[in-house]
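Me: Hi! I have a structure open here and would like to walk through it with you. Could you help me get my bearings?

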Amino acid sequence: METFDVAVIGAGPIGLTAANIIAKNGFSVCVLERRVKIGYPSHCSGLVSARFIEENSVKPELVLNTIKGAYLFADEELLSFKSEESRAFVINREKFDQSLAAEAQKNGVIIFTNSAVVSAKKRGTHSELYLQNGKAIKARSVIIASGAKSGVNRMFGFNDDESEVIYTIQTDMEVSLPDSESVYMYVDSSFAHNWFAWIIPIGRGLAHIGLGTDRTENIVDDLKKFFRSSEFTKDANVERLNLVGWIIPIGYAKKIVNGRVLRVGDAALQIKPFSGGGLYTGMKAARFAAEAVVKALKTENVSALNEYKSNVDREITPIVKRGLLLRRIYRSMSDRDKALFLKGLNNDEAKRIITESGDIDSPFFVGVKLLRFVGAPLMHYFKDLLVGINA
Ligand SMILES: Cc1cc2nc3c(=O)[nH]c(=O)nc-3n(C[C@H](O)[C@H](O)[C@H](O)COP(=O)(O)OP(=O)(O)OC[C@H]3O[C@@H](n4cnc5c(N)ncnc54)[C@H](O)[C@@H]3O)c2cc1C
(Lines give C-alpha, C1' and ligand atoms only; values in the text may rest on other atoms or scores of the structure.)
Protein backbone atom coordinates (compact mmCIF):
# COMPACT_ATOMS: atom_id res chain seq x y z
CA MET A 1 0.00 0.00 0.00
CA GLU A 2 1.42 3.41 -1.00
CA THR A 3 2.16 5.54 2.09
CA PHE A 4 2.20 9.34 2.37
CA ASP A 5 2.69 11.78 5.22
CA VAL A 6 -0.61 13.39 4.27
CA ALA A 7 -3.59 12.37 2.15
CA VAL A 8 -5.95 15.13 1.06
CA ILE A 9 -9.41 14.04 -0.03
CA GLY A 10 -10.73 16.31 -2.80
CA ALA A 11 -8.91 18.27 -5.50
CA GLY A 12 -11.00 21.41 -5.19
CA PRO A 13 -9.27 24.75 -4.54
CA ILE A 14 -9.18 24.16 -0.81
CA GLY A 15 -7.64 20.69 -0.85
CA LEU A 16 -5.11 21.65 -3.52
CA THR A 17 -4.02 24.75 -1.60
CA ALA A 18 -3.47 22.78 1.61
CA ALA A 19 -1.63 20.00 -0.25
CA ASN A 20 0.65 22.49 -2.01
CA ILE A 21 1.75 24.18 1.24
CA ILE A 22 2.46 20.86 2.96
CA ALA A 23 4.49 19.56 -0.01
CA LYS A 24 6.49 22.80 -0.13
CA ASN A 25 7.54 22.03 3.44
CA GLY A 26 9.07 18.78 2.31
CA PHE A 27 6.40 16.24 3.25
CA SER A 28 4.91 13.63 0.94
CA VAL A 29 1.34 14.45 -0.02
CA CYS A 30 -1.26 12.87 -2.24
CA VAL A 31 -4.62 14.29 -3.32
CA LEU A 32 -7.41 11.81 -3.98
CA GLU A 33 -10.04 13.13 -6.39
CA ARG A 34 -13.15 11.28 -7.47
CA ARG A 35 -13.58 13.21 -10.71
CA VAL A 36 -11.70 12.43 -13.90
CA LYS A 37 -10.95 16.06 -14.76
CA ILE A 38 -10.02 18.56 -12.07
CA GLY A 39 -12.32 21.59 -11.90
CA TYR A 40 -14.88 20.13 -14.28
CA PRO A 41 -17.78 20.66 -14.31
CA SER A 42 -17.71 23.84 -12.24
CA HIS A 43 -20.75 24.54 -10.08
CA CYS A 44 -19.40 27.89 -8.89
CA SER A 45 -19.95 31.51 -10.01
CA GLY A 46 -16.36 32.46 -9.18
CA LEU A 47 -17.18 35.88 -7.74
CA VAL A 48 -14.38 36.97 -5.41
CA SER A 49 -13.02 40.13 -3.80
CA ALA A 50 -9.84 42.03 -4.62
CA ARG A 51 -8.56 40.75 -1.25
CA PHE A 52 -9.03 37.16 -2.45
CA ILE A 53 -7.15 37.89 -5.70
CA GLU A 54 -4.28 39.41 -3.76
CA GLU A 55 -4.05 36.87 -0.92
CA ASN A 56 -4.11 33.96 -3.36
CA SER A 57 -1.95 35.56 -6.09
CA VAL A 58 -4.60 34.83 -8.73
CA LYS A 59 -3.05 35.35 -12.16
CA PRO A 60 -4.73 38.02 -14.35
CA GLU A 61 -5.45 35.48 -17.10
CA LEU A 62 -7.80 33.60 -14.70
CA VAL A 63 -9.99 36.70 -14.25
CA LEU A 64 -12.97 36.66 -16.61
CA ASN A 65 -14.58 39.94 -15.64
CA THR A 66 -14.42 42.93 -13.32
CA ILE A 67 -17.47 43.94 -11.32
CA LYS A 68 -18.14 47.51 -10.20
CA GLY A 69 -21.82 47.55 -9.33
CA ALA A 70 -25.08 45.71 -8.84
CA TYR A 71 -28.74 45.77 -9.77
CA LEU A 72 -30.89 44.36 -6.99
CA PHE A 73 -34.47 43.43 -7.85
CA ALA A 74 -37.11 42.72 -5.18
CA ASP A 75 -40.82 42.83 -5.83
CA GLU A 76 -41.40 46.14 -7.68
CA GLU A 77 -38.20 47.72 -6.38
CA LEU A 78 -34.89 48.09 -8.15
CA LEU A 79 -31.79 49.33 -6.38
CA SER A 80 -28.68 49.89 -8.47
CA PHE A 81 -25.30 51.30 -7.58
CA LYS A 82 -21.90 51.45 -9.21
CA SER A 83 -18.47 52.33 -8.02
CA GLU A 84 -15.69 53.96 -10.02
CA GLU A 85 -13.37 51.14 -9.00
CA SER A 86 -13.54 47.36 -9.26
CA ARG A 87 -15.40 45.89 -6.29
CA ALA A 88 -15.21 42.22 -7.25
CA PHE A 89 -13.85 39.88 -9.89
CA VAL A 90 -15.20 36.81 -11.65
CA ILE A 91 -12.58 34.10 -11.91
CA ASN A 92 -12.62 31.08 -14.19
CA ARG A 93 -13.18 28.36 -11.59
CA GLU A 94 -12.29 25.47 -13.86
CA LYS A 95 -8.96 27.02 -14.86
CA PHE A 96 -8.33 28.29 -11.31
CA ASP A 97 -8.61 24.75 -9.89
CA GLN A 98 -6.42 23.42 -12.71
CA SER A 99 -3.76 26.06 -12.11
CA LEU A 100 -3.69 25.16 -8.40
CA ALA A 101 -3.30 21.49 -9.36
CA ALA A 102 -0.40 22.29 -11.71
CA GLU A 103 1.32 24.35 -9.01
CA ALA A 104 0.84 21.60 -6.42
CA GLN A 105 2.24 18.95 -8.79
CA LYS A 106 5.24 21.16 -9.49
CA ASN A 107 5.92 21.11 -5.75
CA GLY A 108 5.71 17.35 -5.54
CA VAL A 109 2.04 16.64 -4.76
CA ILE A 110 0.81 13.40 -6.33
CA ILE A 111 -2.75 13.75 -7.61
CA PHE A 112 -4.82 10.63 -8.21
CA THR A 113 -7.94 11.40 -10.27
CA ASN A 114 -10.79 8.93 -10.71
CA SER A 115 -10.04 7.94 -7.11
CA ALA A 116 -13.11 8.39 -4.93
CA VAL A 117 -12.52 7.53 -1.28
CA VAL A 118 -15.25 5.09 -0.27
CA SER A 119 -14.16 4.01 3.20
CA ALA A 120 -11.46 4.52 5.80
CA LYS A 121 -9.90 2.65 8.69
CA LYS A 122 -7.67 3.86 11.49
CA ARG A 123 -4.62 1.65 12.07
CA GLY A 124 -2.46 2.88 14.96
CA THR A 125 -0.97 6.22 13.97
CA HIS A 126 -2.05 5.87 10.32
CA SER A 127 -5.29 6.03 8.37
CA GLU A 128 -6.00 3.67 5.51
CA LEU A 129 -8.16 5.04 2.73
CA TYR A 130 -9.92 2.67 0.35
CA LEU A 131 -10.74 3.89 -3.13
CA GLN A 132 -13.57 3.05 -5.49
CA ASN A 133 -11.01 1.92 -8.10
CA GLY A 134 -9.86 -0.86 -5.75
CA LYS A 135 -6.64 0.81 -4.59
CA ALA A 136 -5.76 1.84 -1.03
CA ILE A 137 -3.56 4.59 0.43
CA LYS A 138 -1.98 4.93 3.84
CA ALA A 139 -1.29 8.32 5.49
CA ARG A 140 -0.19 9.77 8.81
CA SER A 141 -2.63 12.68 8.55
CA VAL A 142 -5.78 13.17 6.49
CA ILE A 143 -7.34 16.43 5.31
CA ILE A 144 -10.95 16.17 4.23
CA ALA A 145 -11.58 18.77 1.52
CA SER A 146 -14.28 16.87 -0.28
CA GLY A 147 -16.70 19.76 -0.62
CA ALA A 148 -20.36 19.99 0.08
CA LYS A 149 -21.69 16.82 -1.40
CA SER A 150 -19.90 13.78 -0.11
CA GLY A 151 -20.12 11.20 2.63
CA VAL A 152 -16.46 11.52 3.59
CA ASN A 153 -17.16 13.48 6.79
CA ARG A 154 -19.14 10.58 8.20
CA MET A 155 -16.28 8.12 7.50
CA PHE A 156 -14.16 10.07 9.98
CA GLY A 157 -16.73 10.75 12.71
CA PHE A 158 -17.75 14.28 11.68
CA ASN A 159 -21.47 13.75 11.71
CA ASP A 160 -22.95 16.23 14.12
CA ASP A 161 -23.35 19.35 11.98
CA GLU A 162 -26.47 21.40 12.16
CA SER A 163 -26.75 22.80 8.71
CA GLU A 164 -29.36 23.81 6.20
CA VAL A 165 -29.00 23.05 2.53
CA ILE A 166 -29.43 25.45 -0.36
CA TYR A 167 -30.08 23.70 -3.67
CA THR A 168 -28.58 25.52 -6.64
CA ILE A 169 -28.75 25.39 -10.40
CA GLN A 170 -26.60 27.36 -12.80
CA THR A 171 -25.92 27.68 -16.51
CA ASP A 172 -23.75 29.81 -18.76
CA MET A 173 -25.39 31.53 -21.68
CA GLU A 174 -25.24 34.52 -23.98
CA VAL A 175 -27.28 37.39 -22.68
CA SER A 176 -27.60 41.04 -23.59
CA LEU A 177 -27.21 43.18 -20.47
CA PRO A 178 -27.28 46.97 -20.15
CA ASP A 179 -24.12 46.93 -18.04
CA SER A 180 -21.60 44.10 -18.18
CA GLU A 181 -19.68 45.36 -15.14
CA SER A 182 -22.58 44.83 -12.72
CA VAL A 183 -24.19 41.76 -11.20
CA TYR A 184 -27.97 41.30 -11.29
CA MET A 185 -29.53 39.79 -8.17
CA TYR A 186 -33.18 38.82 -7.77
CA VAL A 187 -35.06 38.34 -4.52
CA ASP A 188 -38.24 36.40 -5.22
CA SER A 189 -39.40 33.55 -3.04
CA SER A 190 -41.58 32.10 -5.80
CA PHE A 191 -38.45 30.80 -7.59
CA ALA A 192 -35.54 31.41 -5.17
CA HIS A 193 -37.09 30.59 -1.83
CA ASN A 194 -35.00 31.96 1.07
CA TRP A 195 -32.07 32.59 -1.25
CA PHE A 196 -31.72 34.60 -4.52
CA ALA A 197 -31.22 34.31 -8.25
CA TRP A 198 -28.35 35.86 -10.17
CA ILE A 199 -26.97 36.95 -13.53
CA ILE A 200 -23.22 37.44 -13.36
CA PRO A 201 -21.60 38.68 -16.57
CA ILE A 202 -18.39 36.82 -17.36
CA GLY A 203 -17.29 38.67 -20.50
CA ARG A 204 -17.69 37.99 -24.24
CA GLY A 205 -21.46 38.53 -23.89
CA LEU A 206 -21.82 35.50 -21.60
CA ALA A 207 -23.12 35.25 -18.04
CA HIS A 208 -23.45 32.73 -15.20
CA ILE A 209 -27.19 32.56 -14.56
CA GLY A 210 -28.65 30.61 -11.68
CA LEU A 211 -30.56 30.47 -8.46
CA GLY A 212 -30.63 28.89 -5.05
CA THR A 213 -33.60 27.73 -3.00
CA ASP A 214 -34.17 25.86 0.23
CA ARG A 215 -37.16 24.03 -1.24
CA THR A 216 -36.78 20.54 -2.58
CA GLU A 217 -39.35 20.99 -5.38
CA ASN A 218 -38.31 20.82 -9.02
CA ILE A 219 -35.52 23.35 -9.30
CA VAL A 220 -35.62 23.37 -13.11
CA ASP A 221 -39.19 24.68 -12.91
CA ASP A 222 -37.90 27.41 -10.58
CA LEU A 223 -35.22 28.31 -13.11
CA LYS A 224 -37.82 28.48 -15.90
CA LYS A 225 -39.90 30.79 -13.76
CA PHE A 226 -36.89 33.00 -13.08
CA PHE A 227 -36.02 33.13 -16.78
CA ARG A 228 -39.57 34.20 -17.63
CA SER A 229 -39.53 36.90 -14.94
CA SER A 230 -36.33 38.65 -16.02
CA GLU A 231 -36.38 40.92 -19.06
CA PHE A 232 -32.87 39.71 -19.94
CA THR A 233 -33.66 36.00 -20.08
CA LYS A 234 -37.37 35.77 -20.86
CA ASP A 235 -36.82 34.60 -24.44
CA ALA A 236 -34.17 31.97 -23.67
CA ASN A 237 -34.93 28.30 -24.15
CA VAL A 238 -34.11 26.62 -20.82
CA GLU A 239 -34.53 23.14 -22.35
CA ARG A 240 -31.41 23.62 -24.47
CA LEU A 241 -29.10 24.83 -21.72
CA ASN A 242 -26.36 22.94 -19.98
CA LEU A 243 -27.43 23.03 -16.33
CA VAL A 244 -25.24 22.26 -13.31
CA GLY A 245 -26.95 21.49 -10.00
CA TRP A 246 -25.11 21.61 -6.69
CA ILE A 247 -25.67 22.43 -3.03
CA ILE A 248 -24.45 25.00 -0.56
CA PRO A 249 -24.42 23.80 3.06
CA ILE A 250 -25.03 26.63 5.51
CA GLY A 251 -24.18 26.33 9.19
CA TYR A 252 -21.38 26.11 11.68
CA ALA A 253 -19.14 23.08 12.17
CA LYS A 254 -18.02 22.88 15.76
CA LYS A 255 -15.75 19.88 15.33
CA ILE A 256 -13.10 20.27 12.61
CA VAL A 257 -10.25 18.19 14.07
CA ASN A 258 -10.58 14.54 15.07
CA GLY A 259 -7.31 12.90 16.05
CA ARG A 260 -5.04 13.23 13.00
CA VAL A 261 -7.90 14.15 10.67
CA LEU A 262 -8.87 17.72 9.76
CA ARG A 263 -11.68 18.96 7.58
CA VAL A 264 -11.64 22.20 5.64
CA GLY A 265 -13.56 24.28 3.08
CA ASP A 266 -17.15 23.36 2.21
CA ALA A 267 -16.67 20.03 4.01
CA ALA A 268 -16.27 22.08 7.20
CA LEU A 269 -19.08 24.56 6.40
CA GLN A 270 -16.54 27.37 5.98
CA ILE A 271 -18.96 29.26 3.77
CA LYS A 272 -20.41 32.75 4.14
CA PRO A 273 -24.04 32.00 5.06
CA PHE A 274 -25.49 35.17 3.54
CA SER A 275 -24.00 34.86 0.05
CA GLY A 276 -22.84 31.22 -0.23
CA GLY A 277 -19.29 32.36 -1.03
CA GLY A 278 -16.80 29.80 0.23
CA LEU A 279 -13.60 30.57 -1.63
CA TYR A 280 -12.24 33.34 0.59
CA THR A 281 -12.99 31.59 3.88
CA GLY A 282 -12.03 28.14 2.58
CA MET A 283 -8.64 29.24 1.22
CA LYS A 284 -7.81 30.99 4.47
CA ALA A 285 -8.76 27.86 6.39
CA ALA A 286 -6.70 25.71 3.99
CA ARG A 287 -3.61 27.70 4.92
CA PHE A 288 -4.34 27.28 8.64
CA ALA A 289 -4.90 23.54 8.18
CA ALA A 290 -1.67 23.10 6.21
CA GLU A 291 0.37 25.09 8.74
CA ALA A 292 -0.97 22.99 11.62
CA VAL A 293 -0.27 19.73 9.79
CA VAL A 294 3.28 20.84 8.94
CA LYS A 295 3.91 21.78 12.57
CA ALA A 296 2.49 18.47 13.84
CA LEU A 297 4.68 16.52 11.41
CA LYS A 298 7.82 18.53 12.12
CA THR A 299 7.44 18.32 15.90
CA GLU A 300 5.86 14.85 15.88
CA ASN A 301 3.29 16.36 18.18
CA VAL A 302 -0.27 15.68 17.10
CA SER A 303 -1.71 18.30 19.47
CA ALA A 304 -0.32 21.01 17.11
CA LEU A 305 -3.31 20.15 14.90
CA ASN A 306 -5.52 21.95 17.38
CA GLU A 307 -3.91 25.23 16.29
CA TYR A 308 -5.96 24.82 13.13
CA LYS A 309 -9.14 24.95 15.20
CA SER A 310 -8.03 28.00 17.21
CA ASN A 311 -7.01 29.91 14.06
CA VAL A 312 -10.32 29.08 12.39
CA ASP A 313 -12.23 30.13 15.50
CA ARG A 314 -10.38 33.43 15.54
CA GLU A 315 -10.55 34.32 11.83
CA ILE A 316 -13.33 32.37 10.16
CA THR A 317 -15.94 31.44 12.75
CA PRO A 318 -16.83 35.13 13.38
CA ILE A 319 -17.49 35.59 9.63
CA VAL A 320 -19.70 32.50 9.61
CA LYS A 321 -21.57 33.46 12.78
CA ARG A 322 -22.22 37.04 11.62
CA GLY A 323 -23.40 35.62 8.30
CA LEU A 324 -25.79 33.26 10.10
CA LEU A 325 -27.28 36.25 11.88
CA LEU A 326 -27.78 38.12 8.60
CA ARG A 327 -29.26 34.97 7.10
CA ARG A 328 -31.76 34.63 9.95
CA ILE A 329 -32.91 38.20 9.34
CA TYR A 330 -33.14 37.61 5.57
CA ARG A 331 -35.19 34.44 6.06
CA SER A 332 -37.59 36.13 8.43
CA MET A 333 -38.48 38.93 5.98
CA SER A 334 -41.23 38.72 3.39
CA ASP A 335 -40.44 39.64 -0.24
CA ARG A 336 -42.41 42.85 0.24
CA ASP A 337 -40.35 43.82 3.29
CA LYS A 338 -37.10 43.03 1.48
CA ALA A 339 -38.31 45.36 -1.28
CA LEU A 340 -39.12 48.05 1.30
CA PHE A 341 -35.63 47.62 2.72
CA LEU A 342 -34.13 48.23 -0.74
CA LYS A 343 -36.42 51.24 -1.17
CA GLY A 344 -34.94 52.73 2.01
CA LEU A 345 -31.47 52.43 0.47
CA ASN A 346 -32.45 54.12 -2.76
CA ASN A 347 -30.80 57.44 -1.99
CA ASP A 348 -27.41 59.03 -2.64
CA GLU A 349 -26.08 58.71 0.91
CA ALA A 350 -26.89 54.99 1.26
CA LYS A 351 -25.47 54.28 -2.20
CA ARG A 352 -22.32 56.20 -1.29
CA ILE A 353 -21.86 53.97 1.78
CA ILE A 354 -22.46 50.83 -0.28
CA THR A 355 -20.04 51.79 -3.03
CA GLU A 356 -17.36 53.00 -0.62
CA SER A 357 -17.57 50.29 2.05
CA GLY A 358 -19.35 47.42 0.28
CA ASP A 359 -17.23 44.29 0.67
CA ILE A 360 -18.42 40.89 -0.49
CA ASP A 361 -16.29 39.23 2.20
CA SER A 362 -17.87 41.21 5.05
CA PRO A 363 -21.44 42.23 4.18
CA PHE A 364 -22.18 42.42 7.92
CA PHE A 365 -20.31 45.68 8.50
CA VAL A 366 -21.82 47.56 5.60
CA GLY A 367 -25.19 46.15 6.77
CA VAL A 368 -24.65 47.76 10.16
CA LYS A 369 -23.79 51.11 8.56
CA LEU A 370 -27.01 50.93 6.55
CA LEU A 371 -29.24 50.35 9.57
CA ARG A 372 -30.04 54.04 9.81
CA PHE A 373 -31.87 53.86 6.48
CA VAL A 374 -34.23 51.17 7.76
CA GLY A 375 -37.71 52.56 8.28
CA ALA A 376 -39.50 52.06 11.62
CA PRO A 377 -41.89 49.37 10.26
CA LEU A 378 -38.90 47.13 9.43
CA MET A 379 -36.75 47.83 12.48
CA HIS A 380 -38.04 44.82 14.45
CA TYR A 381 -36.24 42.49 12.01
CA PHE A 382 -32.91 43.96 13.01
CA LYS A 383 -33.11 43.82 16.80
CA ASP A 384 -30.84 40.73 16.94
CA LEU A 385 -28.30 42.60 14.83
CA LEU A 386 -28.29 45.47 17.31
CA VAL A 387 -27.83 43.02 20.16
CA GLY A 388 -25.01 41.34 18.16
CA ILE A 389 -23.20 44.65 17.68
CA ASN A 390 -23.44 45.55 21.33
CA ALA A 391 -22.48 42.08 22.58
C1 LIG B 1 -23.99 27.72 -7.46
C2 LIG B 1 -22.81 28.07 -6.61
C3 LIG B 1 -22.18 29.29 -6.82
C4 LIG B 1 -21.08 29.63 -6.01
N5 LIG B 1 -20.49 30.83 -6.24
C6 LIG B 1 -19.46 31.22 -5.46
C7 LIG B 1 -18.85 32.47 -5.67
O8 LIG B 1 -19.24 33.23 -6.57
N9 LIG B 1 -17.80 32.82 -4.86
C10 LIG B 1 -17.36 31.99 -3.85
O11 LIG B 1 -16.45 32.36 -3.11
N12 LIG B 1 -17.93 30.78 -3.66
C13 LIG B 1 -18.95 30.38 -4.43
N14 LIG B 1 -19.53 29.14 -4.23
C15 LIG B 1 -18.96 28.26 -3.22
C16 LIG B 1 -17.68 27.61 -3.74
O17 LIG B 1 -17.93 26.98 -4.97
C18 LIG B 1 -17.19 26.59 -2.71
O19 LIG B 1 -17.08 27.23 -1.47
C20 LIG B 1 -15.84 25.99 -3.13
O21 LIG B 1 -15.96 25.24 -4.29
C22 LIG B 1 -15.33 25.09 -1.99
O23 LIG B 1 -14.18 24.45 -2.39
P24 LIG B 1 -13.82 23.00 -1.80
O25 LIG B 1 -12.46 22.71 -2.33
O26 LIG B 1 -14.08 22.98 -0.34
O27 LIG B 1 -14.90 22.04 -2.44
P28 LIG B 1 -15.12 21.65 -3.96
O29 LIG B 1 -14.75 22.74 -4.87
O30 LIG B 1 -16.52 21.14 -4.04
O31 LIG B 1 -14.10 20.46 -4.19
C32 LIG B 1 -14.27 19.22 -3.52
C33 LIG B 1 -13.64 18.13 -4.36
O34 LIG B 1 -13.71 16.92 -3.63
C35 LIG B 1 -14.04 15.88 -4.53
N36 LIG B 1 -14.63 14.77 -3.77
C37 LIG B 1 -15.85 14.72 -3.16
N38 LIG B 1 -16.02 13.53 -2.57
C39 LIG B 1 -14.90 12.80 -2.79
C40 LIG B 1 -14.49 11.49 -2.44
N41 LIG B 1 -15.29 10.66 -1.74
N42 LIG B 1 -13.25 11.06 -2.82
C43 LIG B 1 -12.44 11.87 -3.56
N44 LIG B 1 -12.79 13.12 -3.94
C45 LIG B 1 -14.01 13.59 -3.56
C46 LIG B 1 -15.01 16.54 -5.49
O47 LIG B 1 -15.11 15.83 -6.71
C48 LIG B 1 -14.38 17.91 -5.67
O49 LIG B 1 -13.48 17.97 -6.74
C50 LIG B 1 -20.63 28.75 -5.00
C51 LIG B 1 -21.26 27.52 -4.81
C52 LIG B 1 -22.34 27.18 -5.60
C53 LIG B 1 -23.03 25.85 -5.39
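Reply: Happy to. One definition to begin with: helices (H or I, at least four residues) and strands (E, at least two) are DSSP runs, numbered from the N terminus. With those labels, Glu 300 sits in the loop between H6 and helix H7 (306-315). Keep in mind that this is a predicted model.

Me: What about phi at Asn 114?

Reply: Asn 114 has a positive phi of about 55° and is not a glycine either. Its place is the loop between strand E8 (110-112) and strand E9 (117-123). At 48% relative accessibility, Asn 114 counts as partly exposed.

Me: While we're on backbone geometry, which residues does the cis peptide bond join?

Reply: Tyr 40 and Pro 41, with omega at about -5°. You will find Pro 41 in the loop between strand E2 (29-32) and E3.

Me: Switching to the ligand. How many residues surround it, and which are the closest?

Reply: There are 35 residues around the ligand, and the closest are Glu 33, Leu 47, Arg 93, Val 117 and Asp 266. By type, the shell divides into 16 nonpolar, 14 polar and five charged residues.

Me: Where does the largest share of that shell come from?

Reply: From E16, which gives three residues. Helix H1 (13-24) and strand E16 (244-252) each supply at least two residues of the shell.

Me: Now the inside of the protein. How many residues are in the largest nonpolar core?

Reply: That core has 56 residues, and those with the most contacts inside it are Ile 22, Phe 52, Val 264 and Tyr 308. Helix H6 (residues 279-299) gives the most to this core, with 13 residues. As background, nonpolar side chains in soluble globular proteins tend to be buried together.

Me: What is Phe 52 in contact with?

Reply: Setting aside neighbours within four places in sequence, Phe 52 is in contact with Val 58, Ile 91, Phe 96, Leu 279, Tyr 280 and Met 283. There is also a second, separate core of 28 residues, which includes Ala 88, Phe 196, Ala 350 and Ile 354.

Me: Next, Glu 55. Which helix is it in, and what does its side chain make a polar contact with?

Reply: Glu 55 lies in helix H2, and its side chain makes a polar contact with the side chain of Arg 287 at 3.3 Å. Leaving out residues up to four places away in sequence, Glu 55 touches Tyr 280, Lys 284 and Arg 287. Glu 55 is partly exposed, with a relative accessible area of 34%.

Me: Last one: is Asn 194 buried or exposed?

Reply: Buried, with a relative accessible area of 11%. Asn 194 is found in the loop between strand E13 (182-187) and strand E14 (197-203). Its side chain makes a polar contact with the side chain of Asp 214 at 2.7 Å. Neighbours within four places in sequence aside, Asn 194 is in contact with Asp 214, Arg 327, Tyr 330 and Arg 331.

Technical notes
Residues are numbered from 1 along each chain as its sequence is written. This is a predicted model: local features need pLDDT of at least 70, side-chain atom pairs count only at pLDDT 80 or more; totals for chains, interfaces and linings use all residues. Side-chain values use heavy atoms; hydrogens and water are left out. A residue is near a molecule or strand if one of its heavy atoms lies within 4 Å of it. Ala, Val, Leu, Ile, Met, Phe, Trp, Tyr, Cys and Pro count as nonpolar, Asp, Glu, Lys and Arg as charged, and the others, Gly among them, as polar. A nonpolar core is a set of buried Ala, Val, Leu, Ile, Met, Phe, Trp, Tyr and Cys residues joined through side-chain atoms within 4.5 Å. Buried means under 20% relative accessible area, exposed over 50%, partly exposed in between (1.4 Å probe, protein chains only). Contact means heavy atoms within 4.5 Å. A polar contact is a pair of N or O atoms within 3.5 Å; within protein, one must be able to donate a hydrogen and the other to accept it, and residues adjacent in sequence count only if both atoms are side-chain atoms.
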